Amino acid sequence: MKKRLESLLAAAVDTLRQAGSLPADVAATCLVERARDAQHGDFATNLAMTLAKSARSNPRALAESIIAALPADPVVLKVEIAGPGFINFFLDPQAQFGVIRGIHEAGHDYGKSRRGAGQRVQVEFVSANPTGPLHVGHGRGAAYGAVVANLLAAIGCEVHREYYVNDAGRQMDILAASVWLRYLEECGESLVFPSNGYRGEYVRAIAFDLHKAQSERLRRPAAEVFADIPADEPQGGDKELHIDALVARAKALLGPADYRLVFDAGLNDILADIRQDLEEFGVRYEEWFSERGLTESGAVQRSLDTLQAAGYLYQQDGATWFASTRLGDEKDRVVVRENGQMTYFASDIAYHMQKLERGFDRIINIWGADHHGYIPRVKAAIEALGGERDRLDVLLVQFAVLYRGEEKVQMSTRSGEFVTLRQLRNEVGKDAARFFYVMRKSDQHMDFDLKLATSRTNENPVYYVQYAHARVCSVFHQLDEKGLPRNLPNGMAHLSRLTEPHENALVTTLARYPEVVEQSALQHAPHHLIHYLRELAAELHGYYNSHQFLVEDADLRDARLNLIAAVRQVIANGLALLDVSAPEAM
């Protein structure tokens, strides 16, 4: 209906242009929004106010001209002017019943559109370092990214979901050293494990498997491993030098081939666990992109050569710097350290160059909120590489904080003291986890209420929405049990019998669903869909509690069954975008 009214307005503007009432080259954006107050009609537009200056006209006078030029439409009962020049549309309530027919005809496709057709969009999300299992903090980014991708696909975008595997760099070296040290303990070596290593039980499990596969072949005496290594001082001092020196010693004692073997043992085990964890959480990717592959293919050096040729690199204090301040960053960034090692940012530049080269129209990065300061330098790199910085959207996600009673659960991958995403799913279920994670704006703080998520009451929002779907299913089960017939065409022919306030409210809300999907997709805001589903569920529950559906009057019964079947379909469609189940019984 919204698009129908916008088309009417566009036709009116064309008529006024042809009549000379509007300049021929005036740009008119004919946006229609639902009226917030029923007294002001069903839809409204501020078109007259936006065009008044170009038309050199009083907004109310221009609104009168627009209304006079509107093509006739049987759905529109009347059009009024309000305030400084708003145009309010009042629709024929009977005409709005067409949405019920539309839902039954479209089925699972109701709500989808072609708004984004022809747009290739890459969505990169989660991309957690494969140094340990995913914890509940990662879960919010996983749920948010997956739903944003689903919404974009629902409006016709070609979506490429991608996980950037940080399988190179210092943290992965620390993991490899941690695995090797635990392996040495499996061999019987006595050693003091570094305070800055990865200490989780999963590291011991990887080391156990490594020992089982390699026996004592990779064993080196602990005295040789720790000889002349800087002291480990957990409160500061040499703790970073200590772990970095152990990494260097592991590389020297094992040699390139065996060090790579240990490195890959940790990487492959954890990455396999992450893949399985995300798949069980309903998150799947078109591509897992390797950071290490960027270096090995020469892509990092090629990106730096591109920046060098464009005049954006310079030498200072033995390091190579990217002059990002020239493109809006707060300070310049090192891309090659004094020791010749490329920085993480250098790999990130190469990764975004790859994204540009793959021809995506839009690039969406979903990062933790603590990466906010990283955005200007990445946008600067894209511009320096010759791309358009506005092709990149960075969506920030606050980590969800888990509480057990009043006690906050600490999460540290290094220490191993964290609640995994898998543990959360096992406790509250995939549906509740997916739903709760996207209930609020992604950049807002979120406390995850375990007690609420596991409750089977109307206070639990996911239960409340799913129960609405199950309630409709129960009506149709009762229909079968009672042996009553259902005539779908007859119900369509008698939709005019739906005159109760609950019925009118449901029809109006059902008609809003495609707009909500489009808004949620374009604004990258799944919480709009959540709010909508909760509203629709509330209206269904109110209707269910106030009226009988299986009445003696066959015409009214069929009309009501068609209405609630449409509600069931829309709830199922919305939950599918969230990848939450729509149960038939609860």
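Which side chains meet in a salt bridge with an N to O distance of 2.8 Å?

Tutor: This is a predicted model, in which local features need pLDDT of at least 70, side-chain atom pairs count only at pLDDT 80 or more, and totals for chains, interfaces and linings use all residues. Residues are numbered from 1 along each chain as its sequence is written, and side-chain values use heavy atoms, with hydrogens and water left out.

The side chains are those of Glu-162 and Arg-358. A salt bridge here is a side-chain nitrogen of Lys or Arg within 4 Å of a carboxyl oxygen of Asp or Glu. This pair links distant parts of the chain, 196 residues apart: Glu-162 lies in strand 6 (158-165), and Arg-358 in the loop between helix 12 (344-357) and strand 11 (362-368). Helices (H or I, at least four residues) and strands (E, at least two) are DSSP runs numbered from the N terminus. Glu-162 is buried, at 0% relative accessible area, whereas Arg-358 is partly exposed at 23%; buried means under 20%, exposed over 50%, and partly exposed in between (1.4 Å probe, protein chains only).

The structure holds 39 salt bridges. Among them, Arg-425 pairs with Glu-280, their closest N and O atoms being 2.6 Å apart. Here Arg-425 in helix 14 is linked to Glu-280 in helix 9, 145 residues away. Arg-425 is buried at 8%, while Glu-280 is partly exposed at 36%. Through shared partners, salt bridges join Asp-273, Asp-277, Glu-280, Arg-422 and Arg-425 into one network.
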